[in-house]
Amino acid sequence: MTIHHFTPTIYHRTMGSHAPVLHIAPGDSVITTTVDAWGLDASEQKATEGGNPMTGPFYIDGAEVGDTLVVYLDHLAPSRATGWGRPRLATNVVNPDEVASLPEQNEILHWVLERERGTASLRDPLGKLGHFTLSLNPMLGCFGVAAMDGQAISTATSAEHGGNMDYNGFVAGTTVYFPVFAPGALFHLGDGHAAQGDGEVCGTGIETSFEVKFTVDVLKGVRSRWPRGENKDYIFTVGNARPLDQAMQHATTEMLAWLQQRYGYSLVEANVLIGYGVEYDLGNMFDPAYTMVCKLPKRLFET
């Protein structure tokens with residue numbers, strides 16, 4: 001097992017079969033960095049064009065189509081003391097007759113990140129909110145593997161390969177599983193958020209550059225169709241689609257399959273577990289594909 005230190009010099013705004021930046025083996029870890037959604041680095045310098053630029057892709061030796069890539073999110077942290085976001089709700093999350101009253105689309109909120117204290121505060125006071133303060137919850141907004149059938153899919157959206165899911169459960173300590181659609185899986189990552197509400201309903205989290213450490217493994221011959229994940233308390237599956245009920249269908253179907261495949265439950269048992277124990281989280285509600293997360297508490301079935 002090797003720890004690789006990788007400094008990116010090129011970035012991609014699509015997720016596909018790009019030339020790999022580094023070959024790594026199952027069990028290896030990578031320490032690297034990401035730029036923010038505008039392409040700004042840790043010094044707030046423009047490192048690349050904006051639009052969720054990705055670090056990578058990383059080629060995982062031995063990963064083949066039909067396998068499942070395992071990614072352990074070991075460490076995620078802002079690499080600078082500033083972040084930005086927008087104050088305007090997405091037009092699709094309010095009633096149509098309220099859209100005209102929303103704030104200007106080009107307004108920007110500037111955030112101060114107190115990394116040692118674990119907080120993010122508005123730089124400029126905003127009315128009764130003042131220097132509104134949130135707890136840091138560093139998460140990856142956009143990451144995944146090369147898309148299927150040789151496609152290069154924009155980092156503005158998501159699908160079976162992952163992508164711009166903006167789920168605030170993708171934090172350090174989480175293990176994420178991706179279907180492998182291309183040799184080497186070709187893992188991409190970026191779009192770090194210091195914090196974000198459910199749904200990314202303003203179209204941004206607190207956008208900033210990141211320091212990242214991740215570790216990979218490969219489940220040979222284990223097929224999956226959509227991203228999966230787990231943390232200390234839950235297992236979960238992710239569906240990315242529009243309309244929202246289709247995303248829910250994908251996530252729920254993937255959970256049905258995973259409960260039978262990994263845990264050996266019958267189809268009826270899996271139906272009961274989901275039907276009476278399921279919880280749903282909302283990922284992205286802003287971009288072309290919405291994200292729905294189907295999750296089950298481990299206490300229901302692990303002893």
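Helices and strands are DSSP runs, a strand being a run of E with at least two residues. By that definition, D191 belongs to strand β16. The structure discussed here is a predicted model. Its chain comprises two helices and 21 strands. The radius of gyration is 19 Å, close to the 19 Å that the globule rule gives for 303 residues, so the chain is as compact as a globular protein of that length.

**The chain as a whole**

- The C-alpha trace of the chain extends over about 55 × 45 × 35 Å along its principal axes.
- Buried residues make up 53% of the 303 residues of the chain.
- Among contacts in the chain with a separation of 6 or more, 72% are between residues 24 or more positions apart.

- Strand β21 covers residues 290-297, and eight of its eight residues are buried, so the strand is largely enclosed by the rest of the structure.
- In a regular strand, side chains alternate between the two faces of the sheet.
- In β21, Y290, M292, C294 and L296 point one way, while T291, V293, K295 and P297 point the other way. The residues of both sets are buried.
- Strand β19, residues 234-241, pairs with β21 in the antiparallel sense, and eight bridges link the two. Within this part of the structure, A241 has Y290 of β21 as its bridge partner.
- Strand β20, residues 279-282, also runs antiparallel to β21 and is joined to it by four bridges. The bridge partner of L282 in β21 is M292.

**Strand β4 and its partners**

- Strand β4 spans residues 29-34 and pairs in the parallel sense with strand β1, residues 3-5, over three bridges. H4 stands opposite V30 of β4.
- Strand β4 also pairs with β17, here in the antiparallel sense and over six bridges. S29 has T215 of β17 as its bridge partner.

- E254 is part of helix α1, which covers residues 244-263. Its relative accessibility is 4%, and a residue counts as buried under 20%, so E254 is buried.
- Leaving aside residues up to four places away in sequence, E254 touches S224, R225, W226, R228 and T237.
- Q196 is located in the loop between β16 (187-193) and β17 (210-219). With a relative accessible area of 12%, Q196 is likewise buried.
- Leaving aside residues up to four places away in sequence, Q196 touches M139, D166, N168 and G205.
- Q196 and G141 are 55 residues apart along the chain, and their C-alpha atoms are separated by 9.3 Å.

**Backbone geometry**

- Most residues other than glycine have a negative phi, and most peptide bonds are trans.
- P57 lies in strand β5, residues 54-60.
- P243 is located in the loop between β19 and α1.
- As stated at the outset, D191 lies in strand β16. D191 is buried, with a relative accessible area of 2%.

How values were computed: Residues numbered from 1 in each chain as written. Predicted model: local features only at pLDDT ≥ 70, side-chain atom pairs only at ≥ 80, totals over all residues. Heavy atoms only, no water. Buried < 20%, exposed > 50% of the residue type's maximum accessible area, 1.4 Å probe, protein only. Contact = heavy atoms within 4.5 Å. Rg over C-alpha atoms; globule rule 2.2 N^0.38 Å. Pairing = 2+ DSSP bridges.
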